[in-house]
Every structure is written in structure tokens, then in C-alpha cells.
Amino acid sequence: MRICVTGSQCVGKTTFIEDFIKRWPMYKRPTKTYRDVIKEKNLKLNREGDRDSQLSILDALCEQAEINKDEEFCIHDRCVVDNLAYTFWLAVKGVGGMTPEDVTASII
């Protein structure tokens, strides 16, 4: 079974995953995550996010899913749905110069 833990920032997703793996050690987590990409590219986040940062994070999450698609037991910190929901929220709020049309174009 593949699991994705979702939620806003700083609510304990990573801690939950660490505790989960202690209880069910057959589960693995991706070695490279979207957080690594954020650090590598110094991406803007949260209310400062923009189209480029959201697309980079989306790409990282898609790559994570692809790399781990054959893992029987895998638990992820966030997933593509998180990214899309937050990107739409940013666009509706007009953050980072994004519009809902930009978001729709970026996922098609």
C-alpha cells in the first residue's frame, strides 16, 4: 500500500511518518523529496509562492511518485493533490502574480 500524508505546514506530517515507520518498518519513504528541491532551488513558499515554485514542486512530487511506483510499502510526505490544491489557492488569491488560468494551463 502506498500512503500520502497531507496537511498544512508545521502540523507534524514528518513526525507522523517517522513514528509510522518505527511501527511498520516495511514502509519506506522517498530518499529525495520536494523539500530537497525547495532547498536546492531556493524556491519561494507559502504566501510568497509563485508559478515557477509551484511547478518545480509539482515536478518533484510527480518524479517521487514515478520513482516509487513499484514500491509495495511507501509513505509520502505530501503528494500531487497537495500541490494542485495549494496552487489553485494561490491563484484564486492572486499570490505570486498567478491566475486560475495560469494554473489550468500548467497542468494540461
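**Pockets and cysteines in a predicted model**

Let me start with the lining of the largest pocket: 9 nonpolar residues, 9 polar and 4 charged. On the classes, nonpolar is Ala, Val, Leu, Ile, Met, Phe, Trp, Tyr, Cys and Pro; charged is Asp, Glu, Lys and Arg; the others, Gly among them, are polar.

Ground rules. This is a predicted model, where local features need pLDDT of at least 70, side-chain atom pairs count only at pLDDT 80 or more, and totals for chains, interfaces and linings use all residues. Residues are numbered from 1 along each chain as its sequence is written, and side-chain values use heavy atoms, leaving out hydrogens and water.

Back to that pocket. Its volume is about 480 Å³. It has 22 lining residues, and Gly 7, Gln 9, Tyr 34, Asn 46 and Arg 78 are the closest to its centre. A pocket here is an open set of points on a 1 Å grid over the protein atoms alone, where a 1.4 Å probe fits, with protein on both sides within 12 Å along at least five of seven lines; lining residues have an atom within 4 Å of a point. Volume is the space filled by probe spheres set on the points, joined across faces, edges and corners.

Which helices supply at least two residues each of this lining? H1 (13-23), H2 (34-41), H3 (51-67) and H4 (80-93). H4 gives the largest share, 4 residues. Helices are DSSP runs (H or I, at least four residues), numbered from the N terminus.

Next, the second largest pocket. Volume: about 250 Å³. It is lined by 17 residues, and Lys 32, Thr 33, Glu 63, Gln 64 and Ile 67 lie nearest its centre. H3 gives the most, with 6 residues. By class, the lining has 5 nonpolar, 5 polar and 7 charged residues.

Phe 16 is partly exposed, at 43% relative accessible area. With a 1.4 Å probe and protein chains only, buried is under 20%, exposed is over 50%, and partly exposed is in between. Leaving out residues up to four places away in sequence, Phe 16 touches Val 5 and Ile 75, contact being heavy atoms within 4.5 Å.

Last, cysteines. How many disulfides are there in the whole structure? The search finds 0. The cut-off is a pair of cysteine sulfur atoms within 2.5 Å. Cys 4 is partly exposed, at 31%. For Cys 74, the closest cysteine sulfur is in Cys 4, at 10 Å, so again too far for a bond. Cys 74 is buried, at 0%.
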